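Please keep the sequence and the structure in view while reading.

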Amino acid sequence: MKRLARLFQDAMAHVVRPASIALLVGVMSSAPAAIAEPIRGAGSTFAAPIIGKWAEIYKAARIDGGDFSSPDWTVDYELVGSLAGLMRLDQPDLDFAATDVPVSHAELAKHGRQQFPIVIGSVAIAINLDTISKGDLKLTGPLLADIYLGKITSWSDPAIKALNPDVALPDTKISPLTRKDGSGTTFMFTEYLSVKSPEWKAAHGADTLIEWPVGTGFEGTGELISAVKTTKGAIAYADFGQVTRAAVAFASIENKVGQFVNPGPDGVRAAAEATSWDPAQDFAVSLTDQPTPDAYPITGATFAVVPVRGRSSGQYGRVHDFFRLAFETGRRDAEALGYVPLPPQLAGQVVKYWLNYDSGANH
């Protein structure tokens, strides 16, 4: 435990006042004695792989080479989707929800909750065509909207061919695949469609749960990617890390300035750097279709929403402790799984946001 506090002090000395550091370390040190239960979270399947990895790091840091372990050194996270995670926040034993859809400042204030970004990533457009490798196929927002509106039904459609004159496109039926559970990934994808297609925006808009005009729905990212791999002509949307780990091909997507960008870390960083993050608004922001040449347009952040009203500082403070350690020691793990960790300056803003609450500024 002393080692963990020391790591914290060293890492945060550059972004917060010494007195504030002592305040958070005090909360961090006292929490386990009061609460001998796991940190419990629920929500985003998009961020589930990295939250799981960070949970391993957190437990190892708490044990610190010793033989003793405790339940409160673990993180119990349920992959239920962003919408379901937020709906469970009224349960007294849930410590945080992870959501890919930011909650408004007014809504957070109404319920006495905090919100801050924890990781950034992208939604890849996965495809299953024998003739297509990763990034070979170019697609635009209007084309994607027409596919999911049922207006374009074949991979040899003239509109797709015109955009990809050097690609051998088969006369294969397009099989759109979707999520049927409430999903932040669905929100990020449909937000992009709404920005690019007035028809899509008017008919469906952006939401975590969509009544899709065409396609087959699946529960969770795992089922969706498995279906892509077994369905010739399939198209789907899923987080970049899981698409690449499944060795599924993906398209390059047109951004706001007309560039076609792959859903990798470089495009995500460019989008994040072009975004203004405002702690006064609990960091609620959209990263969709940022107006910078290298930005991947279907980019989003996963946010932790933490109940604080009616909770002890020990209960919400250990959630801060978990994510603080993730920011400082879990960056490489995030990158290895296809995510982009928070830029150091943004991570520092998040820590100051916590400390402002602990000092009474947000009470």
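What percentage of the 363 residues of the chain count as buried? The model is predicted, and in it 56% of the residues count as buried. The chain has 15 helices and twelve strands. Among contacts between residues at least 6 apart in sequence, 76% join residues at least 24 apart.

Three strands form an open sheet in the order β5-β10-β11, and their pairing is mixed. Strands β5 and β11 stand at the edges with a single partner strand each, so one side of each has no neighbour in the sheet. Strands β10 and β11 run antiparallel and are joined by two bridges. Glutamate 254 stands opposite phenylalanine 260 of β11.

**Threonine 140 and helix α6**

The loop between β5 and α6 holds threonine 140. Is threonine 140 buried or exposed? Its relative accessible area is 10%, and residues under 20% count as buried; therefore threonine 140 is buried. Leaving aside neighbours within four places in sequence, threonine 140 is in contact with Leu163, Tyr192, Glu254 and Phe260. Two of these, Glu254 and Phe260, are the residues that stand opposite each other in the sheet described above.

Threonine 140 also caps the N-terminal end of α6, with a side-chain oxygen 3.2 Å from the backbone nitrogen of leucine 143. Helix α6 covers residues 141–148, and six of its eight residues are buried, so the helix is largely enclosed by the rest of the structure. The buried residues are Gly141, Leu143, Leu144, Ala145, Ile147 and Tyr148. Just after α6, glycine 150 takes a positive phi of about 85°.

**Two packed helices**

Helices α3 and α13 pack with their axes 10 Å apart, at an angle of about 100°. Angles of 65 to 115 degrees count as roughly perpendicular, and α3 is therefore roughly perpendicular to α13. The table lists the residues that make this contact.

| Helix | Residue range | Residues in the contact |
|---|---|---|
| α3 | residues 48–63 | Ile51, Trp54, Ala55, Ile57, Tyr58, Ala61, Arg62 |
| α13 | residues 313–329 | Arg318, Asp321, Phe322, Phe323, Leu325, Ala326, Thr329 |

By class, the contact of α3 with α13 comprises ten nonpolar residues, one polar residue and three charged residues.

Note on methods
Residues numbered from 1 in each chain as written. Predicted model: local features only at pLDDT ≥ 70, side-chain atom pairs only at ≥ 80, totals over all residues. Heavy atoms only, no water. Axes fitted to C-alpha atoms, helices over the stretch in contact; angles between N-to-C directions. Helix = DSSP H or I, 4+ residues; strand = E, 2+ residues; numbered from the N terminus. Parallel < 35°, antiparallel > 145°, perpendicular 65-115°, else oblique. Contact = heavy atoms within 4.5 Å. Nonpolar A, V, L, I, M, F, W, Y, C, P; charged D, E, K, R; others polar. Pairing = 2+ DSSP bridges. Buried < 20%, exposed > 50% of the residue type's maximum accessible area, 1.4 Å probe, protein only. Polar contact = N/O pair within 3.5 Å; in protein donor to acceptor, adjacent residues only side chain to side chain.
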